[in-house]
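This report is meant for a reader who is meeting the structure for the first time. Please keep the sequence and the model open beside the text while reading.

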Amino acid sequence: MKKSILYILGMALALGATSCNSDDPSDATEKHVYVEGETPYLRANPAATNTIAHTFLAARIDEPLVISLKDYASSFHKNLNMTVDETLTALANGEVKFYTINTGRQRWNLDAPTFGASGWYYSTASMPVEAGENAVFSMELDSKAKTVTVHAVNDPAIGSMATLDFGFALDNGKDYDDYVRFMVSCSVTDPSTVIFDATIPAGAYNAYGINLKDYAEAIELCMGMPYADFVTAMDNEEIEVYLCDADGNWVVDADGNRPDYTSGWLGYWLDPDLNITYWNGDGYPANLMFLEYGGGGLYNLGNSGSSTPAGTQARVRFDIVANGDPATAVHFIINVTFG
């Protein structure tokens with residue numbers, strides 16, 4: 001009997017020792033108090049986490065994402081019991097900290113800024129890094145403007161992605177459990193280029209119609225306007241069409257301006273070398289084809305007046321442009337076959 005009691009007592013002591021020596025703060029009887037320089041665990045709190053998704057367009061890669069902290073005032077009030085102004089004042093006097101978060105390890109990262117006084121560079125591994133070739137995004141806090149600004153850096157490749165994880169935490173001397181967190185998912189994409197095949201039907205002036213609504217998402221992203229507004233602008237000739245050469249550069253006149261349209265509405269007649277020309281009633285070879293807007297979001301690729309020979313192929317490139325700005329354009333590359 002004594003042996004049984006001693007055995008049970010020994011097991012209890014062993015289990016107690018295991019619990020006390022655990023590295024997991026949730027296993028401890030009393031909450032762990034962090035010392036200076038020790039990286040605190042991140043206490044899970046979905047209510048304190050603000051998620052933002054942002055796409056950097058390759059054509060406008062230099063345009064930053066500017067996060068106004070005032071837009072998240074309720075999050076600061078709920079989780080820090082402070083206004084944004086009070087939080088930034090507390091940050092200045094050391095009562096609040098601004099740090100990145102190691103998402104994978106679920107810990108605060110206390111490393112010093114690598115970008116300016118209050119910012120970091122990030123790699124595609126979503127980790128803070130020094131300035132260099134592996135940095136693809138940067139983030140910096142501007143306390144005066146009450147903003148966090150995110151830039152794409154080093155001309156990141158299409159498809160580059162990273163999540164910038166950072167936050168403001170109340171430094172109460174024992175943990176960082178009271179915080180406001182931002183998880184900003186960034187990616188680089190190029191929806192500005194649309195590539196497809198088109199067959200222009202045989203017969204004088206027959207046309208293949210491009211329904212621009214099929215590319216509404218790219219148009220809205222690149223033009224910065226709803227598709228319906230884009231069609232209205234195009235119908236009112238507030239949108240321009242530029243022919244492009246084989247390298248994708250705009251074809252311009254001697255003064256560097258868009259040439260006058262030569263085919264009806266927002267379009268051009270082209271010769272077999274894809275140069276801009278004028279209508280010729282003899283058709284091919286003086287004319288290969290025409291480009292012309294049909295209204296209501298329909299853009300046409302048309303045959304010559306004599307019907308270009310069946311099987312003839314050409315690669316046509318043109319930009320639909322807002323305000324004459326290359327950064328607000330959708331680039332079309334169309335592999336044309338004549339039926």
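## Cysteines

In this predicted model, Cys 222 has a relative accessibility of 3%, and because the cut-off for a buried residue is under 20%, Cys 222 counts as buried. Cys 244 is likewise buried, here with a relative accessible area of 7%. A disulfide is a covalent bond between the sulfur atoms of two cysteines. When the whole structure is searched for such bonds, zero disulfides are found.

## The chain and the confidence of the model

The chain has 339 residues, of which 42% count as buried, and its secondary structure consists of five helices and 19 strands.

The average pLDDT of the chain is 89, and 89% of the residues score at least 70. Residues 1-30, however, have a pLDDT below 50, and beyond near neighbours in sequence this stretch makes five contacts in the model. Where pLDDT is low, the predicted coordinates should not be read in detail.

## Helix α3 and its surroundings

Which residues of helix α3 are buried? In this helix, which spans residues 84-92, they are Val 84, Thr 87, Leu 88, Ala 90 and Leu 91. Seen down the axis of α3, these buried residues fall within an arc of 160°, so they line one face of the helix. An α-helix has 3.6 residues a turn, so residues three or four places apart point the same way.

The cover over the buried residues of α3 includes helix α2 (73-80) together with the strands β3 (96-102), β7 (137-142) and β9 (161-170). Just after α3, Gly 94 adopts a positive phi of about 90°.

## Strands β3, β9 and β10

Strands β3 and β9 run antiparallel and are joined by five bridges, with Val 96 standing opposite Leu 170 in β9. Strand β9 also runs antiparallel to β10 (residues 179-189), to which it is joined by nine bridges, and here Leu 164 stands opposite Val 184 in β10. Seven of the ten residues of β9 are buried, so this strand is largely enclosed by the rest of the structure.

Thr 100 has its place in strand β3 and is buried, with a relative accessible area of 1%. Leaving aside residues up to four places away in sequence, Thr 100 touches Trp 108, Asn 109, Trp 120, Tyr 122, Pro 128, Met 139, Asp 165 and Phe 166. Ala 112, by contrast, is exposed, with a relative accessible area of 54%, and is found in the loop between β4 (107-109) and β5 (119-122). Ala 112 and Tyr 99 are 13 residues apart in sequence, while their C-alpha atoms are 8.4 Å apart in space.

## An antiparallel sheet of five strands

Five strands, in the order β12-β17-β16-β14-β15, form an open sheet in which the pairing is antiparallel. The edges are taken by β12 (207-211) and β15 (276-277), each of which has a single partner strand, so one side of each is left without a neighbour in the sheet. The partner of β12 is β17 (residues 298-303), and these two strands pair in the antiparallel sense over five bridges, with Ala 207 standing opposite Gly 302 in β17.

## A mixed sheet of four strands

A further open sheet is formed by four strands in the order β11-β19-β18-β13, and its pairing is mixed. Its edge strands are β11 (193-200) and β13 (239-243), each of which pairs on one side only, and the twist from one strand to the next averages 25°. Strand β11 pairs with β19 (residues 329-338) in the parallel sense over eight bridges, and Ile 200 stands opposite Phe 338 in β19. Helix α4 (residues 216-223) packs on this sheet, where it touches β18 (313-322) and β19, and its direction makes about 145° with that of β19.

## Helix α5 across strands of both sheets

Which strands does helix α5 lie across? Helix α5 (residues 227-235) lies across β12, β16 (289-295) and β17, running at about 115° to β16. The helix α5 also lies across β13 and β18, and its course there is at about 75° to β13.

How values were computed
Residues numbered from 1 in each chain as written. Predicted model: local features only at pLDDT ≥ 70, side-chain atom pairs only at ≥ 80, totals over all residues. Heavy atoms only, no water. Disulfide = S-S within 2.5 Å. Buried < 20%, exposed > 50% of the residue type's maximum accessible area, 1.4 Å probe, protein only. Arc of directions from axis to C-beta. Contact = heavy atoms within 4.5 Å. pLDDT = per-residue confidence, 0-100. Pairing = 2+ DSSP bridges. Axes fitted to C-alpha atoms, helices over the stretch in contact; angles between N-to-C directions.
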